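Have the sequence and the model open as you read.

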Amino acid sequence: MKRQKTDSAAGEKQQPAVVAEASSSEAAALHARGKEHAEKLLSFINYAWTPFHAVEEASKRLVAAGFTPISEREPWSVKPGGRYFFTRNMSTIVAFAVGAKFQPGNGFYMVGAHTDSPCLKLKPVSASSRAGYNMVNVETYGGGLWYTWYDRDLGLAGRVLLREGPSAAASGAAGLKHRLVKIDRPLLRIPMLAIHLQRDIHTAGFKPNLQSNFAPMLATQVKTQLLAPAHGAAGAPAASKHQPLLLEMLASELGVSPEAIVDFELHVCDVQPGVLGGAHGEFVFAGRLDNLAMSYVALQSLIDSTPDAASLAEETGVRAIALFDHEEVGSESAQGAGGPVMRDTITRVAAALSEGQEGAVERTLRASFLVSADMAHALHPNYADKHDPEHQPRMHGGLVLKHNHNQRYATNAVSATLFREVARRHGIPTQEFSVRNDMPCGSTIGPILSSNLGCRTVDCGIAQLSMHSIREQCGADDVALAYDHFLHFFKEFSALDASLDVDSLPPPNIAGTIADTPCSHQH
């Protein structure tokens, strides 16, 4: 008996070591998967300099996965088991897969994210000259940390409108087309003023005037004049509004003449590619993580959850993603989340599949569930006091569920519980975030879509640092954990959702009747 007790005690002492070994093994496996998923994310981000490029890349991946492109301008012929996508303005994309067992009134199970990030965009008249330099006139887009854009190597990317035809410049009858362009070499720079000329910067702070002190430098005028014979864009129609040198470079990239350029929408972008960083390669250092990281995870999880029609055989709902433009400036546009894109999609699909049943569209909207996916604020080690002590999301901790009772986020107890339950069933961690009471709270597309569609919504995102900087940071593990969470959401949520309907609960069981003996209390 004494020996048995000794052996038993020894076994109990060894158990934590076994658990620690298993935990270490699981952590190593997650670390490897995190780096793998992060590398795939970086390949997406490093190409997607603009919303146009993000939508182009997403479209290519959807086509390769077997999704059928459709047009909002044409009649839709959607069928159970079908997979489809469309774009709006080439900066917003919606993709959806219809369950083979879809019935009129069944819901859409959606992940919504956004393709835009704070950046600089060229103004309609971008030509500017100052102190012997050819400058580029830009407008700030969104709420960027603009001081991070100084002393960076900058390129250009976006959409160019071209006039087709051999005599495009002379003939107004030639057709128009748009092309995407990306000049990924250092063209521009916004130099920082030397400290010798702003000695008080450490006490007064860095407060540049974004009109006077924030124009990117393109070239010196003397070099442009000396090399002018090498450039023939001075006579191009757009040369009155833009630097001929800039038009020449765009034309060269596109393989057209400068005279063919009618107009463009160009973004100034950091040319430094995103990379894995940290001592263990556990971080992602890249621009535009907010919100291309969530856009990528949404896209890839939808594709992988529906590899073919057979994967939709038991699905009763519609799996969908919507990657919107203009979130950083309020979403109020034709292609923003505040516009009709998602309601149009649900209305058309529900109507097409309902064969005229009464209330089919409204029932589908009410049965739907939205995951609003936007990056979250990780606890900053140098500014820990900026977080509520009980709500401090960390890297490698899984998706952050965002809460705000003032409806800056659309999460409530029901939507959070359902979304957490997906993760709980597969051992995927989640975290909670609520802003400090003495700080303003940001917002997302969640409340906008929730109010427009009338559907249940949960706001969530990967924890990150340096949000809205030209160079942001998140954890590699969280990319894998977010992918896992979304993948299981798409595969399993329709069945899980059937287990809870708060609007169909029975009325409360009120004890007692009017025939009870009075209590004799003097009321």
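Buried means under 20% relative accessible area, exposed means over 50%, and partly exposed lies in between. The model is predicted.

Q: Are R61 and E57 buried or exposed?
A: R61 forms a salt bridge with E57, and their closest N and O atoms are 2.9 Å apart. Being four residues apart in helix α2 (residues 51–64), the two are separated by about one helical turn. By the cut-off of under 20% relative accessible area, R61 and E57 are both buried.

Q: What is the relative accessible area of R424?
A: R424 forms a salt bridge with E421, with the closest N and O atoms 2.7 Å apart. The two are three residues apart in helix α9 (residues 413–424), so about one helical turn separates them. An α-helix has 3.6 residues a turn, so residues three or four places apart point the same way. R424 counts as exposed because its relative accessible area is 55%.

Q: How many salt bridges does a search of the whole structure find?
A: Side chains of opposite charge can pair when their charged atoms come close. E72, R88 and D344 are linked in a network of such bridges. Over the whole structure, the search finds 18.

Q: How many disulfides are there?
A: A disulfide is a covalent bond between the sulfur atoms of two cysteines. C455 is buried, at 5% relative accessibility. C460 is buried as well, at 0%. With a cut-off of 2.5 Å between cysteine sulfur atoms, the count of disulfides is zero.

Q: Which residues of α7 are buried?
A: Helix α7 (residues 341–354) has 14 residues and reaches 20 Å from its first C-alpha to its last, close to the 20 Å expected. Cover for its buried residues includes β2 (83–88), β3 (92–98), β4 (108–114), β13 (318–324), α8 (360–367) and α10 (445–453). The buried residues are V341, M342, T345, I346, V349, A350, L353 and S354.

Q: Which residues is K177 in contact with, leaving aside neighbours within four places in sequence?
A: K177 lies in strand β8 (residues 176–188). At 33% relative accessibility, K177 counts as partly exposed. Its C-alpha is 8.4 Å from that of V160, 17 residues apart along the chain. The contacts are V160, L161, L162 and E164.

Q: What is the accessible area of the nonpolar patch of V222, L226 and L227?
A: L227 is in the loop between α4 (221–226) and α5 (244–254). At 48% relative accessibility, L227 counts as partly exposed. The patch is on the surface, and the three residues together have about 300 Å².

Q: What share of the residues of the chain count as buried?
A: The chain has 11 helices and 20 strands. Its accessible surface comes to about 24,900 Å², of which 53% belongs to carbon and sulfur atoms. Of the 523 residues, the buried share is 50%.

How values were computed:
Residues are numbered from 1 along each chain as its sequence is written. This is a predicted model: local features need pLDDT of at least 70, side-chain atom pairs count only at pLDDT 80 or more; totals for chains, interfaces and linings use all residues. Side-chain values use heavy atoms; hydrogens and water are left out. Patches are made of residues with over 30% relative accessible area and no salt bridge: like charges are joined within 9 Å, nonpolar side chains (Val, Leu, Ile, Met, Phe, Trp, Tyr) within 5 Å. Accessible areas come from the Shrake-Rupley method with a 1.4 Å probe; for residues, only the protein chains shown count as cover. A salt bridge is a side-chain nitrogen of Lys or Arg within 4 Å of a carboxyl oxygen of Asp or Glu. Buried means under 20% relative accessible area, exposed over 50%, partly exposed in between (1.4 Å probe, protein chains only). The expected span of a helix is 1.5 Å times one less than its number of residues. Contact means heavy atoms within 4.5 Å.
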